[in-house]
Amino acid sequence: CPVVVAPKNSSVAMPPPADIVKVAIEWPGAFPKLMEIDQVSACVRVLGRPFLNKTFWIFLFQNRNEIKNGAILRLTTSPAQNAQQLHERIQSSSMDAKLEALKDLANYSRDVTFAQEFINLDGISLLTQMVESGTERYQKLQKIMKPCFGDMLSFTLTAFVELMDHGIVSWDTFSVAFIKKIASYVNKFASDISILQRSLAILESMVLNSHDLYQKVAQEITIGQLIPHLQGTDQEIQTYTIAVINALFLKAPDDKRQEMANILAQKQLRSIILTHVIRAQRTINNEMAHQLYVLQVLTFNLLEDRMMTKMDPQDQAQRDIIFELRRIAFDAESEPNNSSGSIEKRKSMYTRDYKKLGFINHVNPAMDFTQTPPGMLALDNMLYFAKHHQDAYIRIVLENSSREDKHECPFGRSSIELTKMLCEILKVGELPSETCNDFHPMFFTHDRSFEEFFCICIQLLNKTWKEMRATSEDFNKARKRVMQVVKEQIMRALTTKPSSLDQFKSKLQNLSYTEILKIRQSERMNQEDFQSRPILELKEKIQPEILELIKQQRLNRLVEGTCFRKLNSRRRQDKFWYCRLSPNHKVLHYGDLEESPQGEVPHDSLQDKLPVADIKAVVTGKDCPHMKEKGALKQNKEVLELAFSILYDSSGQLNFIAPDKHEYCVWTDGLNALLGKDMLSDLTRNDLDTLLSMEIKLRLLDLENIQIPDAPPPIPKEPSNYDFVYDCN
């Protein structure tokens, strides 16, 4: 290329053209030089003594348009030349020269261009030969040169790891001798941190990148050799060790994976990790957290086989599990083995008990476990709960099987749904993410952590079911609502990273259904978009309109009326009474009924009346007169939460037990609205939040390109009759 070198003492003092850029040149063994490059004519002038190098001038000519003013160009040995020099130096007979060359090789190998050049010189083979023969070759020198030999091996392994990380060479090319040598370093150089780190890293890569090498590594390295490295204090070594265990676990064939899990259990791996890693007095770094997450996922994935296994109704061993569930729950009620009862009588008794256990198929409960997921895993969880938490199991089953208000939580169906949900939360059967580090310490505190997790959550589900007053009559609808809340409770508790299962259970105690509603409300109200001053002013302006709308809805519901069941302090009776508000909101009509009505009850059929003007107060819960009476009814907390009374005149009272929480809120809100008081129920708060948020969003909608009609819509025709009008007389 054309080159013009300006004389050193040139007297030309003209300003440089706009196409001239100035750059600094640095190279080893010389002072930095300033250079001017003409991007148009490709003319190059060096200010100072010229540095003539053909490759350098060609580079400048080819890249002149990309070089900017003020750039700094550093000259160095080309990768090809560097690779050739290092390839020769690491074969030097001088130990010092060899050590220095390996040190440089470890640094240069990070560059992919250099790595390609060095590998082209068959550098990988050279390094593997050095590793295979290194110990024998320098065996006599180890006693007097052990530090030097250790450093030499460390730099050799480091260079090897860096070169292989570029993915240029296949891992399948390495010999058994090389694998054995690397595996031997795991024990032989346990005290040398750098050699141990590199050896573990090489073993992990071999297992992950080659099926053939996995089998060879699995023969050379044992869990017993790896466990001691977890009991040290170096977190990097612990991380590499768990990474090797994870790699062996991940690549193991399906039939060997459970066997390996049993070996890990025998070696107390979980306990060692908990003691020396998770509960060590130091912060867990991101890489360690990732490896713990991977181990957690792989452990839970052992459940996939049971999760995807359907129950065989003809398998007697599987059916015996269901028999055992029934026996534990109803042992006191079951007939002795030598009973003389007929087979038909026993079948009838079993069918009754299976219904109490909450199965869908009362005759053959095995059919409930033919859906995958969760398959047989749900039955395994139920049996574990029944055997290891027997008191809680019996309490839940008997508590729900003896209910008469159709609010029972069917244990069997709920356990199946919960198991399926827990598998989704923990992603059972999915491969671990390459970037995730979301591990949970509590799962390392118990050998049967998934089963214990289920036992805690099934008790939570039963508790939330009762708090939400869900009914088994429409199980699918109730299941969706309850499961959404239960999943939110579990996920919120898991985000706090509880250190133990007991702490997780404690977190759930503070996340009741009421608390979840409060959290939801708080989160909605604390959304950034709804906290600006104009939005708050708009909310304040339209809130009275929304409250009036809710009030009208409550009063309309009172006008429709509700059927209440009659209760006393001794037992439930199948007698009903009905109460409704007059359309003009001035009179309450009520009266007894022989049976539950199918629709609204006309005013004419209700004999008694109570003018709204005569109402003095509305009381709830313990303040109700019928809740102050002695007897079993007073002790029923659920009934207490649904009780309210109307007080009128000096001693008159009208006592109610609402059929469910929704009707309780509707009636207490409606009665308070009639008396001019605030509506304070949870239902009103939820409705207000929902309607307020919806109204604000509607008012903030962009109305561009939406045509608003000029004329109002036509008035509808008059009705054919006015029979719906209430006669005040």
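A salt bridge is taken here as a side-chain nitrogen of Lys or Arg within 4 Å of a carboxyl oxygen of Asp or Glu. With that criterion, a search of the whole structure, which is a predicted model, returns 22 salt bridges.

The protein chain has a mean pLDDT of 84, and 85% of its residues reach 70 or more. Among the elements of the chain, the highest mean pLDDT, 96, belongs to helix 18 (residues 376–388), while the lowest, 44, belongs to helix 26 (residues 632–635). Two stretches also fall below 50: residues 1–13, which have 12 contacts in the model beyond near neighbours in sequence, and residues 47–52, for which nine such contacts are found. Where pLDDT is low, the predicted coordinates should not be read in detail.

R306 pairs with D380, and their closest N and O atoms lie 2.8 Å apart. This pair joins distant parts of the chain, with R306 in helix 15 (residues 304–307) and D380 in helix 18, a separation of 74 residues. Both partners are partly exposed: the relative accessible area is 29% for R306 and 23% for D380.

Buried means under 20% relative accessible area. R554, at 1%, is therefore buried, and D669, also with a relative accessibility of 1%, therefore counts as buried too.

The salt bridge between E451 and R448 has its closest N and O atoms 3.2 Å apart. Its two residues fall into separate accessibility classes: E451 counts as buried because its relative accessibility is 12%, whereas R448, at 38%, counts as partly exposed.

Salt bridges also occur in a linked arrangement. R326, R352 and D353 are connected in a network of such bridges. As a general point, side chains of opposite charge can pair when their charged atoms come close.

Methods:
Residues are numbered from 1 along each chain as its sequence is written. This is a predicted model: local features need pLDDT of at least 70, side-chain atom pairs count only at pLDDT 80 or more; totals for chains, interfaces and linings use all residues. Side-chain values use heavy atoms; hydrogens and water are left out. pLDDT is the predictor's confidence in each residue, from 0 to 100. Helices (H or I, at least four residues) and strands (E, at least two) are DSSP runs, numbered from the N terminus. Contact means heavy atoms within 4.5 Å. Buried means under 20% relative accessible area, exposed over 50%, partly exposed in between (1.4 Å probe, protein chains only).
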